[in-house]
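The sequence and structure come first.

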Amino acid sequence: MLRLARAGYVMAREGVLARVDPDILPPGTEPLFRLARLIERRDGRSSAAALGAALSRLGPSYVKLGQFLATRPDVVGPEMARDLEVLQDRMPAFPQAVAEAAIARTLDRPVAALYTTLGPPIAAASIAQVHQGDTREAEGASRRVAVKVLRPDVQARFRADLSSFYRAARIGEKASPEGQRLRLVAIVDTLARSVAMEMDLRLEAAALSELAQNTEAETDFRVPAVDWDRTGREVLTTEWIDGIKLNDMEALRAAGHDLPELGRILMQSFLRHALRDGFFHADMHPGNLFIDAEGRLVAVDCGIMGRLGVKERRFLAEILYGFITRNWIRTAEVHFEAGYVPMHHSVEDFAQAIRAIGEPIHSRSASEISMAKLLTLLFEVTALFDMKTRPELLLLQKTMVVVEGVARTLDPQLNMWRTAEPVVRTWIERNLGPAGKLEEAAHGLQAVGRGLQALPDLIAQGQRIASQLDRATRDGLALAPETVEAIGRAEGRGNRGLTWALWVIVALLAAHLIF
């Protein structure tokens, strides 16, 4: 609770709380936010700069939380979500000696035996930092590599801060029905899983390997190769990419690259990976994208990856295709078939709401149409129809926002719909046409076969459960006295904790005003 109080004070001092949308404030918190206005710095900084300063003061956990909340405009408000989208994950580098000690400990060999050279850090983020190095191969050739090293003590820091995030989420869900609809605890669950995977660099190596396998037939996209002999939990070694960053327009032009074509490659690569493979790079900002000497798009830093199941891929493809063809009824039906909108709502009413989003699009020029904006508006409308938060779709939306923004810097006149249409149409023809229906039927028969094989075990298990329930309920159900007492103590602790938290926050604000 003290950590949460400190975070609230830093946010207030840096002026972040003053920029929170009043419409999303929980009832009864308005006085606290008015009090926060009294202590904020008034130095004319932009809201994005204030956010960056506050999150940097609070540490890497909050930087990562800020990046994650950029995907949730429904939680933090559209304006703050835009500020968080441009938040750069830049932290001070840790010493070279600490990095070398981590490498030697993880790989159980001296650094000199692993790399012929290991330079100083060239980039530092909230989870890890990157060094440039060289290795000597068995045949004697030298090879340049990128060496990513986990920050020291980052796991303990994240564990402590995550406990604070969970406490804040539980308070939010108890205090507001809207907090329950937004599933605040589930948001922290998703963040926790994402961070846990990022803090094991073997998993990032596996993601690079999987993405390379999925795209090995593509001629315009690739990822760096992993050096598995020099990779462990805290160290990841990959080939060094000599290329031009995708936001360096002058260098791209000087090298003779076709910028509109690069925008098309970027957009279609992302959609192809999301729809065809259900596995996509979810952090495709320009710092992670390069163009190599052969003109291929190279994506690095696979710490954050997105996965979509078959149902989600069908949802995405049919939604995009429905908007392309203006088939609003079919677009609405997809939401119901996927189980995203409860069945007690009317398909026709939902189609009407979708039409209100889609029709204005078709009266605008291609340069004014944004698929990312469309998905944002779509998720806003679905809230009116009790559609619960789908974390995997929000990560997709966030990535699409970034990809679309980068593609438009390469070609401001890029027709997003014409670019997306071949990828979406190919997926629909392959998966929802005759071939897809036959494949789906074959999978269904396999599932039935597995179910028949497991039927005897299921019957035996059902009999055991029925017998246990009969014994347990023969004389009625009753809670043991110690269980009742424990529940009472837990409730009392929760109420006292919330009261103390509010008093600590007020005390910190008051102390600043007085002294």
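## Salt bridges

There are 27 salt bridges in the model, a salt bridge being a side-chain nitrogen of Lys or Arg within 4 Å of a carboxyl oxygen of Asp or Glu. The model is predicted: local features need pLDDT of at least 70, side-chain atom pairs count only at pLDDT 80 or more, and totals for chains, interfaces and linings use all residues. Residues are numbered from 1 along each chain as its sequence is written, and side-chain values use heavy atoms, with hydrogens and water left out.

One of the salt bridges joins the side chains of E234 and R105, at 3.0 Å from N to O. E234 lies in the loop between strand 4 (221-222) and strand 5 (235-239), and R105 in helix 7 (residues 96-107), so this pair ties together parts that are 129 residues apart in sequence. Helices (H or I, at least four residues) and strands (E, at least two) are DSSP runs, numbered from the N terminus. R105 has a relative accessible area of 53% and is exposed; buried means under 20% relative accessible area, exposed over 50%, and partly exposed in between (1.4 Å probe, protein chains only).

A salt bridge also links D292 and R222, whose closest N and O atoms are 3.3 Å apart. Because D292 sits in the loop between strand 8 (289-291) and strand 9 (297-299) and R222 in strand 4, the pair ties together parts that are 70 residues apart in sequence. D292 is buried, at 4% relative accessibility. Another salt bridge, 2.7 Å from N to O, is formed by the side chains of D227 and R230, and both of these residues are buried. Salt bridges with shared partners also join E218, D220, R272, R276 and D277 into one network.

## Helix 7

Helix 7 has 12 residues, which at 1.5 Å a residue should span 16 Å; its end C-alpha atoms are 17 Å apart, in agreement. The expected span is 1.5 Å times one less than the number of residues.

Which residues of helix 7 are buried? They are A99, A102, I103 and L107. These residues cover an arc of only 105° around the axis, so they are on the same side of helix 7; the arc is that of the directions from the helix axis to the C-beta atoms. An α-helix has 3.6 residues a turn, so residues three or four places apart point the same way. The buried residues of helix 7 pack against helix 8 (111-114), strand 1 (117-124), strand 2, strand 3 (142-150) and strand 5. On the face turned away from the buried side are the exposed residues A97 and R105.

## Aromatic pairs

The model has 2 aromatic pairs. Rings of Phe, Tyr and Trp (its six-membered ring) pair if their centres lie within 6.5 Å; planes under 30 degrees apart count as stacked, over 60 as edge-to-face and the rest as tilted.

F270 and F280 are paired edge-to-face, with 5.6 Å centre to centre and 90° between the planes. F270 is in helix 14 (residues 259-277) and F280 in strand 7 (residues 279-281), so the pair ties together parts 10 residues apart in sequence. F270 is buried at 1% relative accessibility, and F280 is buried at 1%.

F336 and F350 are also edge-to-face, at 6.0 Å centre to centre and 80° between the planes. F336 belongs to helix 16 (residues 328-337) and F350 to helix 17 (residues 347-361), so parts 14 residues apart in sequence are tied together. Both F336 and F350 are buried.

## D134

D134 is part of strand 2 (residues 128-136) and is buried, at 17% relative accessibility. Beyond its neighbours within four places in sequence, D134 is in contact (heavy atoms within 4.5 Å) with Y115, T116, T117, S142, R143, R144 and V145.

## Positive phi

D108, which follows helix 7, has a positive phi near 55° and is a residue other than glycine. D108 is placed in the loop between helix 7 and helix 8 and is exposed, at 70% relative accessibility.

For D301, also a residue other than glycine, phi is positive and near 60°. D301 is in the loop between strand 9 and strand 10 (305-307) and counts as partly exposed, at 28% relative accessibility.
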